[in-house]
Amino acid sequence: MRSHEKVIFEYSHPGRGATDQWPSDPGPAATADIPAKLRRTQAPLLPEVGELETVRHFTRLSQLNFSIDTHFYPLGSCTMKYNPKACNQYAMLPEFLGRHPLGPESHGQGFLACMYELQEMLKEVTGMQAVALSPMAGAHGEFAGVAMIRAYHRSRGDLARNEIIVPEAAHGTNPATATMCGCVVREIPVNADGDIDIDALKAAVGPNTAGIMLTNPSTLGVFERRIQEVAQIVHSAGGLLYYDGANLNAILGKVRPGDMGFDVIHMNLHKTFSTPHGGGGPGAGAVGVGARLQPFLPLPIVGRQGERYRWLTETDLPQSIGRLSAFMGNAGVLLRAYIYMRMLGREGMQRVGEYATLNANYLLALLRERGFEPAYPARRASHEFIITLKKQARELEVTAMDFAKRLLDHGFHAPTTYFPLLVPECLLIEPTETESKDILDAFATAMAQIQSEAEQESERVTSAPHTMPVRRLDDVRAAKQLDLTWKPIAQS
Amino acid sequence: MAFIPHTPADVEAMLATIGVPSIETLFDEIPAALRVKSLAGVPEELNEMEVGRLMSERARIDGRPLCFIGAGAYEHHIPAAVWAITTRGEFYSAYTPYQAEASQGTLQLIYEYQTMIASLTGMQVSNASVYDGASAVAEASLMAVRSNRKSKSQRILVPTTVHPHYRKVAVATAGNQGLRFEEIPYSPGEGVIAPTALAQYEGEDIAALVIQQPNFFGRLEDVDALTDWAHARGILVIAVVNPTSLALLKAPGSWGTKGADIAVGDGQPLGVPLSSGGPYFGFMTTRLEFVRQMPGRIVGRTVDLNGHQGFTLTLQAREQHIRRAKATSNICTNQGLLMTAATIYMSLMGPQGLERTAAAAHARTRELVTALTRLKGVRAAFQGPVFHESVVLLDRPVAPVLSALASRGILGGLELSEYYPELGHALLVCATETKTAADIESYVAALNEVMQSARTTEGRAA
């Protein structure tokens, strides 16, 4: 990989600029009507660079990244599968890019048709009654879901229900979301096999229970086998079931959250439906609901009247939890998900769950053959699985983080490390269905090589990576001596 | 198989390694009663050629009308290099830079973004972006309540000159935690916050005041006086700004004597296409003293084991994956790709190009409004300075006029009657540097015809 690239401001020269990209100078008269006291007096610190310098700088920066297009990226719980180029190309047709969010429905029937059909397809693959597309990420979808649960209880005058139950292995966003919705979090344990501790659940539910947030397959990479019983316990206590769609890829086309008894779900379209992760976003966290929560869905939603599509508003859904984005969520991401789903079709949808599961179980088998210890040896892997390196940490003083960093030298992005928190020294590995057997074989080989290196010259592993643009970074210094913006030499 | 590379021989070998007879066996822990029987509601697959035809047809239906709508989403020229680089797989298909050593490109880019957006808003620190401008206002309100040590209240003053959708999102998002948003009216005829409306809050415990500049009507608020009024009463100021305007207008960090406390807005004008409303990104900057109350990802520069410069996510103790229920927000992503586009856009523009863009957009809108208000039955709604957007009043209902214009391929602006019924037949219009004199002429001519023909019809009916 490339190494150091200067900060763009270090290329800057006063008076240089990508002038062909600018409009022609309208002269000072153009802004003479803006009063002096409202004007800016000092120019902002933006670089003054030419077009080629800009292109070269950002292209070089891109080359410092691992990505799906360049590397195997088995980041557990993130579903880093191939993002088809067609989805990007056809979502970026000029008519779609140029469409104003507040433009009339008469000039949006093509876009609205895509959104309506996306809603319908998502309903079908999840078994829910209705879908709203506007939440802009998984955590945003979680927020919408829990806000709907609260609104539902309130609408019935059931004001005491403010507790959200989450398993201890849940994503951090679950408890954080419950707090954002003004709820109190109650964590419950899981048993040694990775299923929810049913007795603890029974003890936790009661008249204050608003609902439970579950991921299934769970963050432990196994299917919650007693899900019907869980649903029955929570429903009997008057609570609702929230499905965190983080792991929907595992079961796509095989089993549906609606059939498991969930009342509300969010789907990470950037995971299961392969829209780009974009270096951290944009995601899309569409929500689906059963009949009870349908009146509370966030707006806007696309409706159909005869052959015409239109936006549903507060008039159609007076009990809606409201608007969660300025316009229509991450509309362009939704278009990409729509295109992906049309390309997969009915059978392709089922193959996703099948081959994601096949790849995970195959890679787990390979790693077991090479002596790695699964966290849940008695269980099938779902689309991902956990290995624990606690033995390596204890006997060789080589940690999960060291393995993760050394994998980078082998050209593999590291799996998720130290999550879920309850498995010590863990790697959460999710290969996804789009990876070939060859890649999985090579990954297992690399893991075995690192293992023997850890046994013979552990320092190579504990000081990894060696081939990246930087070595391990001083995170303590980063947090203590805050350097969050570049400053010209004169000021720094 | 779509996007799955396995050959039958691969599958056979893999199953043998696992020790199961079929893929189906791998699902044997799922109760049989729950298994999917059919997905009849999903259509059959399309190949790339077929889906290309379908999408091209859908796009053709929507067409490419001449658009004079702004209202929080602005059509600016986007240099070709912006999306050519942004859609490179190394940016497009990477994720949150958890493995810093393998994500230096994204991390350094965020650091450069933080620098640019902090400077543009005149603030000290920036996060790596949030969902959009509306959600940024919601997050800023929550942050202000956490940050304001002088206030024990959860009351936020929000003038009705703030984007109506932003106000709705703030209530829907932060209302669940008990925040109360109290609306302040604007001066009729002026379209800016009425100073008299603030008087009733003298002596009350308020956490923050939201000020949008330019406001939803395009009008410029007296930001210095408003900021000083708030600060004198221990109220924090949340600035909501259009980033393009900041090439010309005073940065929030310079508002009043002490400057705004938090600045947010939608970054869409910085190289992000209109795209039916998203994905955009919300930017958020603040004073250094409040950085630990800020939600979202933040990148810092540090050194590696060899003492070389490197970049990493920092101050993560604020975030949900560490703090869980006590985090500053549940946000777990940023709008990375859009922030990437904006950073490339700001680099290509530089201070001079951005100023020219702002000035040209402003000049075009003035030309448009001047020409429109010369027409019979059209007048300006408000007196006073604006930036690149303005409200005009028609002498008849707006909806039929807009729909007649739309049938001629012109989107004439946003009707305001749903949001501000008291304004009457009000229309919010915007032109940017993308509109030529000929575009403006054709809008004006079309509106003239539509209004005339409506009058003729009325005349006949009378």
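This is a predicted model: local features need pLDDT of at least 70, side-chain atom pairs count only at pLDDT 80 or more; totals for chains, interfaces and linings use all residues.
Two residues are taken to be in contact if their C-beta atoms, placed from the backbone, lie within 7 Å.

I begin with one residue, A:Thr31. By the contact rule, A:Thr31 touches B:Leu248, B:Ala359 and B:His362, leaving aside residues up to four places away in sequence. A:Thr31 sits in the segment before helix H1 (51-62) of chain A. Is A:Thr31 buried or exposed? A:Thr31 is buried, because 20 other C-beta atoms lie within 10 Å, and 20 or more is the cut-off for that class.

I turn to the contact between the chains. Chain A contributes 170 residues and chain B 161 residues. On the side of chain A that touches chain B, the largest share comes from H11(A), with 22 residues. By class, that side of chain A holds 85 nonpolar, 50 polar and 35 charged residues.

Consider B:Val210: among the residues it touches are B:Val137, B:Ile156, B:Pro159 and B:Ile238, with residues up to four places away in sequence not counted.

Now to the division of chain B. Domain 1 covers 66-74 + 351-461, and domain 2 covers 80-345. The C-alpha centres of these two domains of chain B lie 30 Å apart. How many residues of domain 1 of chain B are in contact with domain 2 of chain B? There are 22, and they meet 22 residues of domain 2 of chain B. On the domain 1 side, H11 and strand E12 (390-394) of chain B each supply at least two residues. The largest share of that side, six residues, comes from H11(B). That side comprises 14 nonpolar, six polar and two charged residues.

I close with helix H13 (residues 437-461) of chain B. At 1.5 Å a residue, its 25 residues should span 36 Å, and the end C-alpha atoms are 36 Å apart, so expectation and model agree. Within H13(B), B:Ile440, B:Tyr443, B:Leu447 and B:Val450 are buried. In an α-helix there are 3.6 residues a turn, so residues three or four places apart point the same way. The cover over the buried residues of H13(B) includes strand E1 (66-67), helix H11 (336-372), helix H12 (398-407) and strand E13 (410-411) of chain B.

Definitions and conventions: Residues are numbered from 1 along each chain as its sequence is written. Chains are lettered from A and ligands numbered from 1 in the order in which they are written. Helices (H or I, at least four residues) and strands (E, at least two) are DSSP runs, numbered from the N terminus. The expected span of a helix is 1.5 Å times one less than its number of residues. A residue is buried if 20 or more other C-beta atoms lie within 10 Å of its own, exposed if 12 or fewer, and partly exposed in between; C-beta atoms are placed from the backbone. Domain bounds come from an automatic or database domain assignment. Ala, Val, Leu, Ile, Met, Phe, Trp, Tyr, Cys and Pro count as nonpolar, Asp, Glu, Lys and Arg as charged, and the others, Gly among them, as polar.
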